Amino acid sequence: MRPHATGTGGGGVGRRKAGAAAAAASREWMVVPASGPARVEEAGKHAVMARTGLPARDLRVLDPLLSYPSTILGRERAIVVNLERVKAVITAAEVLLPNSKDPAFARFVRDLQTRVLASSSDQAADLTDMEGESSAVASPFPVPNSSKGHELEMTKKSTTVVPEMTSSTSIPNLAAAKDGNAKVLPFEFRALEVCLESACRSLEEETSTLEQEAYPALDELTSKISTLNLERVRQIKSRLVAISGRVQKVRDELEHLLDDEMDMAEMYLTEKLTQQEISEASSRVEVDDPSQTEEDRQDGSNGSFIGYKPHIEELEMLLEAYFVQIDGTLNKLSHLREYVDDTEDYINIMLDDKQNQLLQMGVMLSTATVVITAGVAVVGLFGMNIGISLYETPTTEEETRAANMKFWETTLGTIAGCVILYIVAMGWGKRSGLLQ
């Protein structure tokens with residue numbers, strides 16, 4: 001414990017503010033080592049930067065308060081993974097995960113630890129059978145001397161044993177199995193595989209759920225067009241667009257990695273570490289050899305490490321497998337999008353047909369109104385106050401009978417003329433194609 005300062009109060013306030021800022025910058029991380037159980041550690045941004053060799057801009061990708069698209073970044077000492085809800089920093093010895101209370105996060109940690117421990121046990125057994133012995137190698141990323149002042153701000157630190165880096169020749173990863181053909185992926189690729197599997201599984205589950213809701217809703221809309229059904233389809237289409245964009249971003253990221261061999265080579269953390277150790281060992285041997293000049297030693301040291309390029313077939317096959325899976329998910333979404341578009345086209349055709357029927361009904365009613373107006377005109381002509389013999393009051397029974405006959409002839413003739421005129425108008429409309 002440091003004693004409290006006895007100076008002015010301003011210094012104490014400044015130290016308290018600095019301490020509060022440091023505490024605010026720290027956060028909990030779930031650490032999944034290559035061997036042993038997962039643990040929760042508290043570390044600040046600078047501590048993680050010193051531990052993984054990542055710049056601050058790469059750590060911002062993992063900030064849950066910021067929205068970054070899916071990305072996978074290969075760096076000198078770590079791999080940064082941001083795929084959907086999976087956010088991780090993978091090194092050659094451990095995986096750092098921003099701690100979360102999400103149940104999906106706990107499931108991901110269990111899967112990661114199970115996969116890593118199972119693969120580590122299998123590889124350790126294979127190496128024991130092949131070599132007859134295995135040697136443990138300490139964590140490959142010790143704290144630099146320049147950063148020991150803040151000591152990574154970790155609440156727990158332990159030496160991590162990496163089973164992949166155990167052999168009598170100190171050459172880790174991709175060790176041949178008993179049959180001499182199968183190879184074991186290094187720790188960082190096994191962790192990356194779990195991240196890819198979790199992201200692809202999450203998107204596949206969301207796609208399946210959307211399909212189960214979308215197809216019945218679209219079929220119901222085609223059978224009955226209503227405001228409720230239209231609202232359901234609108235929400236489904238919004239979700240479809242959002243999920244398609246996320247799946248497309250993951251697919252594009254995998255395609256970008258597959259197209260860039262240098263990015264894939266940068267992700268071979270264990271091999272780079274091993275090659276660096278071999279280079280340092282060669283340099284020490286050359287220093288001890290008095291027969292070599294200083295120029296020869298430098299050339300040998302630089303050539304042993306700079307000219308090194310790992311084989312990327314293993315990582316390429318891993319990425320291709322999940323690229324095919326995510327591409328299949330995108331195809332499902334594309335088929336669903338086409339079904340939605342076809343349904344929209346069908347609904348538009350139905351609405352156009354209804355509109356055409358309404359227009360035809362309007363034409364028929366307008367024609368009937370014109371015909372009736374013609375009959376009204378005839379009635380108006382006979383209703384004018386003009387003195388003619390037809391309007392004279394009959395005086396005898398015969399004249400009364402004749403007047404009644406003329407009245408019915410005029411009335412029925414007017415009605416028949418209107419009906420004939422309407423029929424002629426409808427026939428002309430159908431013949432000209434205006435009506436069906």
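Which helix does Thr114 lie in?

## Thr114 and the basis of the model

Thr114 lies in helix H4, where helices (H or I, at least four residues) and strands (E, at least two) are DSSP runs numbered from the N terminus. Thr114 is exposed, with a relative accessible area of 54%; buried means under 20% relative accessible area, exposed over 50%, and partly exposed in between, with a 1.4 Å probe and protein chains only. Although Thr114 and Pro37 are 77 residues apart along the chain, their C-alpha atoms are separated by 9.8 Å.

This is a predicted model, in which local features need pLDDT of at least 70 and side-chain atom pairs count only at pLDDT 80 or more, while totals for chains, interfaces and linings use all residues. Residues are numbered from 1 along each chain as its sequence is written, and side-chain values use heavy atoms, with hydrogens and water left out.

## The largest pocket

The largest pocket has a volume of about 610 Å³. On a 1 Å grid over the protein atoms alone, a pocket is an open set of points where a 1.4 Å probe fits, with protein on both sides within 12 Å along at least five of seven lines, and its lining residues have an atom within 4 Å of a point. Grid points are joined across faces, edges and corners, and the volume is the space filled by probe spheres set on the points.

The lining has 30 residues, of which Leu83, Glu84, Arg85, Val86 and Lys87 lie nearest the centre of the pocket. Helix H5 (187-223) is among the elements that supply at least two lining residues each, as are strand S4 (79-83) and strand S5 (86-90), and H5 gives the most, with five. Domain 1 (26-120) and domain 2 (199-278 + 309-352) each contribute at least three residues to this lining, the domain bounds coming from an automatic or database domain assignment.

Glu84, one of the residues nearest the centre of the largest pocket, lies in the loop between S4 and S5. Glu84 is buried, with a relative accessible area of 19%, and its phi is near 55°, a positive value in a residue other than glycine.

Tyr68 lies in the loop between helix H3 (56-59) and strand S3 (71-74), and at 35% relative accessibility Tyr68 counts as partly exposed. From C-alpha to C-alpha, Tyr68 and Glu84 are 9.4 Å apart in space, and they are 16 residues apart in sequence.

Phe189 lies in helix H5 and counts as buried, at 0% relative accessibility. The C-alpha atoms of Phe189 and Leu269 are separated by 9.2 Å, with the two residues 80 apart along the chain.
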